[in-house]
Amino acid sequence: MNFVATCKRGLGKLQRKADDRLKRRTEVIRLKEGGTLEICGLSKMAKEAMPFREKITREEAKAVRTNIKQTAALPVKTLARDLYFEELLHSGMYLYPNMFLVVNPFGEAPLTALILFETEGSCGIRVTVPGKIQETDFVYHLPYTKYHRIPVVGLYPNRKNKVKIELLNEKNEVIERRVVPVKTKALPMDLKDVIQTFKVAENPAFKNIMINGGVDIKTCAFDKQGSIRYYLRRKVRGYGIFPLSGGRFVFMEKEIAVPSYSNPQTSVYHDMDYLGRVYRTYLSKKGVHHTLEEKEGGNFLTGSNTMMEHTEDMVVEIDRETGENVWELKIEDLFDDKYKNMMDWAHVNSVVYYPKDETVLISLRNIHAVISVDYKTKKLRWLLSDVKFWKKTGMVDKLLKPIGDVKWTYQQHAAYELDENFDGNPDTKHIMIFDNHWAKRRKAKSFDGDPLSYVSIYTVNEKEGTVEQFKRFGCPKTRIRANGIYCKEEGHIYSMAGAYAENVKGCGGGVYEYDFKTGELLAEYGVRPGYFRAYEFAPDMEALAEPMPITHNYLVGHTKRPYKVEQSRDFSSCRLFKSRKLKYMVQEQLLFVRYIDHDLLKVYFVGEKGTYAVDFDDTYQTMEIFKNNEYYYSMQFDSLPSDHYEIFLDITGEVVRTGKYVEK
């Protein structure tokens with residue numbers, strides 16, 4: 001017997017029990033400078049917030065009856081907690097220097113906290129979350145008010161963090177201060193030692209870097225020393241999260257998808273903030289993938305799928321309020337048939353709208369191309385790609401003509417137009433692309449075999465239809481994923497190399513910071529499991545200090561819905577089917593069934609007044625690596641007439657009984 005391992009398991013079990021007890025209770029401690037701090041356990045807080053759900057949940061959702069596990073929609077859970085905090089804040093119970101504290105207030109971001117208190121008069125707040133060195137302090141100011149909701153971000157794991165709260169007068173002078181101890185748990189095992197620090201910049205452009213996506217890592221942020229100061233509890237879809245304005249981001253669900261011809265596509269995603277509050281949940285019938293950028297006005301541009309014998313071949317604009325597609329672009333409409341000989345022939349991996357000329361810039365990995373499209377007409381404006389690759393095709397007249405020695409991109413990612421015009425020519429624009437320089441998915445005879453990947457910047461003259469090489473920053477070969485970021489004020493550029501072809505220094509991905517003028521390497525970090533993209537981590541703390549708006553419009557868009565089966569079959573002889581892989585969940589008027597990719601062909605709702613079905617057999621799997629995926633298939637039953645419905649499944653051609661029902 002391994003005595004040490006057994007002891008560790010025993011101690012771990014005792015620690016979990018202690019943690020559970022702490023979650024269920026409230027602890028009051030006295031602060032050294034005077035006053036008290038009431039620390040609320042997460043489970044107790046969640047229980048206290050439960051009555052607020054009733055005020056938020058839509059009436060049609062309350063009417064659903066089922067023997068399937070029901071869960072509240074994430075916006076309902078977080079808004080209920082937010083309302084509870086707002087009630088506490090205005091209760092008169094926490095008059096400074098008496099405070100309320102909860103760690104991980106919304107259950108999604110363990111290295112965050114929320115502090116509540118009221119002051120007799122209005123004052124400003126300065127918060128300091130100390131780092132191991134001064135340069136890694138998180139310092140931020142919050143507006144003047146009597147009622148203070150103080151979001152705390154930047155905590156270290158497994159530590160009693162000494163968070164300094166300073167009250168400021170109108171001259172920004174400190175009138176009172178307290179040090180609040182905020183105790184956090186250790187990092188989960190899959191985040192321990194994932195960041196390796198190889199070179200630190202003296203003055204980095206980004207004080208903190210957020211990495212996300214990939215397969216084996218949670219979204220997390222680290223400081224210049226490589227210490228993790230933030231992470232999200234749940235793993236996101238492989239594409240990661242996508243930052244929005246106002247301190248928000250989009251989180252794509254990892255475990256809820258729609259079958260496709262290859263990678264199952266995300267069918268549920270959320271508008272969130274860095275405290276873990278979910279403002280709205282979006283549903284997608286054909287899935288979203290790889291990229292999401294905020295369009296002027298707030299709508300989302302993202303990759304989607306035609307599901308017409310091809311996948312990852314469409315761009316859609318999604319209305320921020322309704323979740324419905326308001327603009328669609330089929331990539332196949334822009335090209336001749338030369339390279340439409342693969343199921344995933346285009347592979348959209350970035351899409352950005354530019355309002356100054358109403359254009360959309362799109363990266364298409366599997367045809368080694370970055371394209372500019374007119375938003376209004378949906379016409380192809382130009383094509384940046386290896387001219388030899390398109391020789392003898394109908395696309396030649398759209399190709400940008402190279403001037404000088406142009407190094408073309410291959411299987412590139414993350415194409416962006418820079419705001420700067422480095423040459424002063426009003427007819428040019430500068431396009432930054434992460435050039436993976438990899439040609440194994442789509443062979444190209446002209447591929448030069450260069451052993452590096454690059455952040456490449458091109459000068460495009462749209463008037464003359466030309467392209468020149470402007471800058472190029474090399475890094476280890478990164479076969480997929482990755483992005484580049486230019487930092488104008490600091491004169492730095494980042495190469496976010498997410499997925500090395502072969503491990504480098506024991507890591508699957510890395511972060512490189514360069515001097516833009518000289519190309520000098522200023523900083524280097526390794527990320528052991530690799531990732532999808534990386535960004536600056538700079539939450540909008542004032543936005544996090546605001547209460548959530550109350551809305552019933554928290555679940556929008558649509559996924560698959562049942563249609564009526566005219567010739568009803570006899571379901572009475574169907575056998576009861578049970579499997580450990582088969583799981584069910586109901587959320588409002590959504591049914592989720594978890595099973596193996598493409599093994600669930602249909603879901604039947606058999607009612608007393610009629611039978612309805614949802615089809616999942618409209619695609620088939622073409623890639624071996626995705627065949628054993630398990631995920632939740634999603635469907636809406638809001639359109640069903642009021643009735644009692646037994647749930648039957650078509651599993652690989654056999655219709656089986658589940659013993660489950662929904663009633664509305």
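Asp190 counts as partly exposed in this predicted model, because its relative accessibility is 24%. This residue forms a salt bridge with Lys218, in which the closest N and O atoms are 2.6 Å apart. Asp190 lies in the loop between β8 (174–183) and β9 (195–199) and Lys218 in the loop between β10 (208–212) and β11 (220–223), so the pair ties together parts that are 28 residues apart in sequence. Lys218, at 11% relative accessibility, counts as buried.

A search of the whole structure finds 43 salt bridges. One of these joins Asp223 to Arg229, with 2.9 Å between the closest N and O atoms; both residues are buried. The side chains of Arg472 and Asp435 also meet in a salt bridge, at 4.0 Å from N to O. Because Arg472 lies in strand β29 (residues 466–476) and Asp435 in strand β27 (residues 428–435), this pair ties together parts that are 37 residues apart in sequence. Arg472 is partly exposed, with a relative accessibility of 24%, whereas Asp435 is buried at 0%.

On the surface, Lys32, Lys160, Lys162 and Lys183 gather in a patch of positive charge. Lys32 is found in the loop between β1 (26–30) and β2 (36–40) and is exposed, its relative accessible area being 83%.

Helix α4 (residues 74–89) is mostly covered, with 13 of its 16 residues buried. From its first C-alpha to its last, α4 reaches 23 Å, close to the 22 Å expected at 1.5 Å a residue.

Terms used
Residues are numbered from 1 along each chain as its sequence is written. This is a predicted model: local features need pLDDT of at least 70, side-chain atom pairs count only at pLDDT 80 or more; totals for chains, interfaces and linings use all residues. Side-chain values use heavy atoms; hydrogens and water are left out. Patches are made of residues with over 30% relative accessible area and no salt bridge: like charges are joined within 9 Å, nonpolar side chains (Val, Leu, Ile, Met, Phe, Trp, Tyr) within 5 Å. Accessible areas come from the Shrake-Rupley method with a 1.4 Å probe; for residues, only the protein chains shown count as cover. Lys and Arg count as positive and Asp and Glu as negative; His and the chain ends are not counted. The place of a charge is taken as NZ of Lys, CZ of Arg, CG of Asp or CD of Glu. Helices (H or I, at least four residues) and strands (E, at least two) are DSSP runs, numbered from the N terminus. Buried means under 20% relative accessible area, exposed over 50%, partly exposed in between (1.4 Å probe, protein chains only). The expected span of a helix is 1.5 Å times one less than its number of residues.
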